[in-house]
Amino acid sequence: MHGSLIPVLATSCLVLGCGASYPVPTQPLADTESAERSATELGAASQPKAQLHLQLAHEQLSRAKAAIQGGDNERAAALLVRARSDAELAIALTREENAKIGAQNATDQSNTQKSTNARQGGQ
Amino acid sequence: MTTIRNASLVFALMGIAGCASAVPPQDLVTARASYARASQGPAATLDPAELHSAADSLQIAERSFASEGDTQGTRDLAYVADRRAQIAEAAGQTKLASSQQGQTLMYMHSAETAQANASSAQLGRANAQLEVQGQAMSSQKQQLDAERDRRQDAEKRAAQAATDLAAIALVKQDATRGMVITLSGGVLFASNKADLLPSALTKLNEVANALTKNDDDSKIVVEGHTDSQGGAEYNQDLSQRRAQTVRDYLVSRNVAADRVTATGFGLTRPIADNASPEGRANNRRVEIVVQPASR
């Protein structure tokens with residue numbers, strides 16, 4: 001996933017240096033939209049930190065689409081790489097939050113169990 | 001080890017960057033800080049692959065800055081490197097939380113198992129205690145049943161004895177004294193004698209048989225009584241000797257010695273008028289008093 005971002009961005013830079021015509025970044029666009037959907041489905045919009053990066057991904061995706069519309073495919077490709085990294089960060093942050101909630105719930109259950117056992121032991 | 005190597009590369013590139021441009025872009029500064037934070041967190045041990053990927057991204061950004069300076073391309077690469085570092089940090093935290101959750105669940109499972117084992121042991125002890133109590137109750141019931149049977153048997157034998165005695169002597173139930181068997185003195189003894197007449201033996205044999213059928217725990221008192229003829233002291237002695245003679249004979253006929261005692265009352269307890277021959281005959285008597293065990 002992340003390994004594919006760097007070559008795309010590096011290629012973008014090389015192309016920028018040459019000044020040649022740049023192809024429409026169709027695959028990066030699809031990959032970024034897919035990452036954004038995954039983040040949304042995972043619940044990133046309901047968690048503040050993840051929501052910020054989901055929003056950043058969405059904004060940069062929109063800007064990338066506008067750049068493609070404007071014929072600036074090179075800038076669009078760079079924006080898509082940024083957007084995709086934000087979408088993937090939103091996913092990672094959502095997973096982190098979910099894992100922490102799961103750990104906290106387990107701790108709460110364990111404490112309840114300890115209290116229950118202590119009461120039963122004292123009877 | 002990998003982390004240290006990656007960090008060394010990053011710092012080497014930072015040195016190069018320092019030569020190419022004095023002021024790195026803010027995105028690169030942020031990416032460096034993010035990577036430093038991630039490399040000191042749980043990702044270093046729990047998700048080194050993710051951290052390695054972040055190091056690679058940062059190296060690329062550093063190289064771009066070293067060669068190109070503060071360009072849009074460098075800022076884009078630094079931006080991505082920052083996200084990769086944050087992703088590595090989040091991945092490390094995720095694995096740490098999952099590990100903690102797993103340990104907690106394992107602890108809970110162990111505690112539940114221990115609690116279940118303790119409950120099972122407690123139940124086992126309670127069952128064993130119930131079994132012991134059940135056995136004790138069963139034993140107690142057997143004892144009560146045996147006691148009831150023994151009492152019923154004693155009552156039957158007492159009733160049978162009373163029936164048998166009624167056929168050979170005057171038998172009365174006295175509310176305070178118990179069962180009173182009255183034998184005429186004229187039937188048992190010659191005048192002024194304490195030796196049993198031969199004809200008396202048959203009657204006393206039947207009395208002894210009836211008494212041995214009676215409740216084994218009952219007490220028997222043989223009472224001697226006379227009429228008022230003669231002195232009181234003489235009659236007292238005569239009644240005592242007659243009572244003792246009857247008592248000894250009953251014992252010789254298998255009535256338990258510890259059940260039977262003899263007492264002489266002389267002329268002190270007449271049951272009829274001593275003025276008439278019939279009354280005096282009735283007063284000359286031996287009474288065998290059978291007292292139930294509860295008395």
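1. A residue is called buried here when its relative accessible area is under 20%, exposed when that area is over 50%, and partly exposed in between, with a 1.4 Å probe and protein chains only. By that rule, both B:Glu50 and B:Arg84 are buried, and the same terms return in several points below.

2. Some ground rules come before the details. This is a predicted model, in which local features need pLDDT of at least 70 and side-chain atom pairs count only at pLDDT 80 or more, while totals for chains, interfaces and linings use all residues. Residues are numbered from 1 along each chain as its sequence is written, chains are lettered from A and ligands numbered from 1 in the order in which they are written, and side-chain values use heavy atoms, with hydrogens and water left out.

3. The meeting of the two chains can be described by contact, which means heavy atoms within 4.5 Å, and by that rule 33 residues of chain A touch 29 residues of chain B. Together the chains bury about 2,500 Å², of which 64% is on carbon and sulfur atoms; buried area is the accessible area (1.4 Å probe) that two parts lose on being put together, summed over both.

4. Ten residue pairs, with both residues at pLDDT 80 or more, are in polar contact between chain A and chain B. Such a contact is a pair of N or O atoms within 3.5 Å, where within protein one must be able to donate a hydrogen and the other to accept it, and where residues adjacent in sequence count only if both atoms are side-chain atoms. On the side of chain A that touches chain B, at least two residues each are supplied by α1 (5–18), α3 (48–69) and α4 (73–122) of chain A, and α4(A) gives the largest share, 24 residues. Helices (H or I, at least four residues) and strands (E, at least two) are DSSP runs, numbered from the N terminus.

5. Over all chains the structure holds 24 salt bridges, each defined as a side-chain nitrogen of Lys or Arg within 4 Å of a carboxyl oxygen of Asp or Glu. Four salt bridges are found across the interface of chain A and chain B; in one salt bridge, B:Arg84 pairs with A:Glu88, and the closest N and O atoms are 3.2 Å apart.

6. Which residue does B:Arg32 meet in a salt bridge? The partner is B:Glu62, at 2.7 Å from N to O. Because B:Arg32 lies in helix α2 (residues 26–39) of chain B and B:Glu62 in helix α4 (residues 48–68) of chain B, the pair ties together parts that are 30 residues apart in sequence. B:Arg32 is buried, with a relative accessible area of 17%, and B:Glu62 is buried at 0%.

7. B:Glu50 and B:Arg84 also form a salt bridge, 3.5 Å from N to O. B:Glu50 lies in helix α4 of chain B and B:Arg84 in helix α5 (residues 72–166) of chain B, so this pair ties together parts that are 34 residues apart in sequence.

8. In the salt bridge of B:Asp145 and B:Arg148, N and O are 3.5 Å apart. Both residues lie in helix α5 of chain B, three residues apart, about one turn of the helix. B:Asp145 is partly exposed at 23% relative accessibility, and B:Arg148 is partly exposed at 44%. Elsewhere, salt bridges that share partners join A:Asp31, A:Arg84, A:Glu88, B:Glu50 and B:Arg84 into one network.
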